[in-house]
Amino acid sequence: MTEPLVLIAGGGIGGMALALTLHQIGVRCKVFESVRELKPLGVGINIQPNAVRELFDLGITADMLDKVGVPAREWALVGRNGQEIYAEPRGLEAGYNWPQYAVHRGELHMLLYETFRARAGEEAVILGAKVTGYRKNPDGTVTALLRHADGSSSEETGTLLIGADGIHSAVRAQMHPDQPPIHWGGAVMWRGTAMAKPVRTGSSFIGLGSHRHRMVIYPISPVDPQTGLARINWIAEVTYDDISKRDATGWFRQVEVEDFFHHFSDWTYDWMDVPALLRGADVAYENPMIDRDPVDTWVDGPVALMGDAAHAMYPTGSNGASQAIIDARTLGVMMLAHGVTPEALAAFDEKLCGPVSQLILRNRGAGPFGLLNMVDERCGGDFDNIDDVIPPEERASFMGAYKAAAGFAKDALNAAPRMIAEGVRVPAPAPVSAPV
């Protein structure tokens, strides 16, 4: 019997995490990525403890992650008046067995890409090749239809095809041809980084303002001992009532800080000067906060979706990349249980599609930033003592429910066994006997 081959459409964080997982469990794979050259693009993201655990199990060490980010120590919400609404420790300081990391997205991506190429060989990643669709074959295999950067076309046949090709996934479009268009609820984000002094713990994730008008601020590098500065990732966000005024489907485009500075020009506090932070940006990008409506399945026989192709979600919970890594590891678990088969994909779908679809809707409803909504509803955002607005027990219960839904509730995670035991591999298929 031919050795199984898994085709992966998309070489982003999710695709690379899957490729590393398959290599770990002894399954041959090939990654097709549309860009000619991978570069460390993007700004900051958070990797939650459940996903950091899986990266550690893949041999991505803390020393390696320290080169692309910093362990997060705190998650805090602060009202527009500058007063704290909620704060909690994160990662190791919260009692998790694994840290939470705030990282530069592009540098993490390059770390995963370079690690996979070093382990599997350069030929395992084909750049400048976009999967435009697929064909299911009578013998149970699947053929990926490829368009290359030079304009040519080709095909590649494998045992399974995994669509890790993002929110604009061609694999998903074929699997769900009647899917609704990309969903946009009116929020626009401007993103960038600047060198500045970190505040609070020195490694705090801060949500500042209201659900419809806010900043998200956190460091993604250690403090330079010479200057006392760190690279601070910031997200400035405004929700528009008239969504017809904005582009709902675009992705990152570079803009000038002056294009949106007026929304935050008076956000100055004794502990944070937001205008100075924005003006210190080396570059700024704009994109709408978009997602896709959930679908009832991520699987079509020997084809499955993962990551943003399966469940593009608002980044309000800081768990989009984390969920992609969990997807990759869950696919590995199911292949260990069911082989490199459509049955493994069906088991993956059964385990994750329903719960993660609910997470999409929860994030669309503000995710953990829903506390900001509650403050606005109860006092218009103006308060002296947050306990008089939302009691501590209610705040803690709200956050606990979100962490449980997102899969990183502390006690459950700490008590859970490894998803993939060290050294386990998918058994090689038995040879087919020649006819007598």
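How many strands form the open sheet with mixed pairing, and in what order do they stand? I find 8 strands in the order β6-β5-β14-β15-β16-β13-β18-β17.

Before going on, I note the basis of these entries: the model is predicted, local features need pLDDT of at least 70, side-chain atom pairs count only at pLDDT 80 or more, and totals for chains, interfaces and linings use all residues. Residues are numbered from 1 along each chain as its sequence is written, and side-chain values use heavy atoms, with hydrogens and water left out.

**Entry 1: the mixed sheet**

I take helices (H or I, at least four residues) and strands (E, at least two) as DSSP runs numbered from the N terminus, and two strands as paired if DSSP finds at least two bridges between them. At the edges of this sheet I see β6 and β17 (253-255), each of which pairs on one side only. Direction ignored, neighbouring strands here are turned by 20° against each other on average.

I then followed β5 (residues 74-78), which is joined to β6 (residues 84-89) by 5 bridges in an antiparallel run, while β5 and β14 (residues 204-210) pair in the parallel sense, also over 5 bridges. The hairpin of β5 and β6 has 5 residues between the strands, and in it glycine 82 takes a positive phi near 85°.

Helix α11 (residues 392-406) packs on this sheet, touching β5 and β6, and its direction makes about 50° with that of β6. Contact here means heavy atoms within 4.5 Å; axes are lines fitted to C-alpha atoms, for helices over the stretch in contact, and angles run from 0 to 180 degrees between N-to-C directions.

**Entry 2: the sheet of β3, β7 and β4**

I looked next at an open sheet of 3 strands, ordered β3-β7-β4, with antiparallel pairing. β3 (44-47) and β4 (69-71) stand at its edges with a single partner strand each, so one side of each is left without a neighbour in the sheet. β3 and β7 (residues 101-104) are joined by 4 bridges, and isoleucine 45 stands opposite valine 103 in β7. Helix α4 lies across β3 and β7, running at about 85° to β7.

**Entry 3: α1 against α4**

How do α1 and α4 cross? The axes of α1 (residues 13-24) and α4 (residues 105-120) come within 9 Å and cross at roughly 30°. That makes α1 roughly parallel to α4, a label given to angles under 35 degrees, whereas those over 145 count as roughly antiparallel, 65 to 115 as roughly perpendicular and the rest as oblique. The crossing is left-handed, that is, the near helix is turned anticlockwise from the far one by less than a right angle, clockwise being right-handed.

Among the residues in contact I list Ile13, Met16 and Leu20 in α1, and Leu108, Leu112 and Phe116 in α4. By class, this contact has 9 nonpolar, 3 polar and 2 charged residues, where Ala, Val, Leu, Ile, Met, Phe, Trp, Tyr, Cys and Pro count as nonpolar, Asp, Glu, Lys and Arg as charged, and the others, Gly among them, as polar.

Helices α2 (residues 49-57) and α8 (residues 320-338) pack at an angle of about 50°, their axes 9 Å apart. That makes α2 oblique to α8, and this crossing is left-handed. The residues that meet include Glu54, Leu55 and Asp57 in α2, and Ile325, Ile326 and Arg329 in α8. I note 4 nonpolar, 2 polar and 3 charged residues in this contact.

With a salt bridge taken as a side-chain nitrogen of Lys or Arg within 4 Å of a carboxyl oxygen of Asp or Glu, the structure holds 18 of them. In one, aspartate 57 is paired with arginine 418, the closest N and O atoms being 3.6 Å apart. This pair links distant parts of the chain, since arginine 418 lies in the segment after α12 (410-415), 361 residues apart from aspartate 57.

**Entry 4: β9, β10 and β11**

Finally, I checked β10 (residues 142-148), which 7 bridges join to β9 (residues 129-136) in an antiparallel run, and which pairs with β11 (residues 153-158) in the antiparallel sense over 6 bridges. The hairpin of β9 and β10 has 5 residues between the strands, with glycine 140 at a positive phi near 95°.
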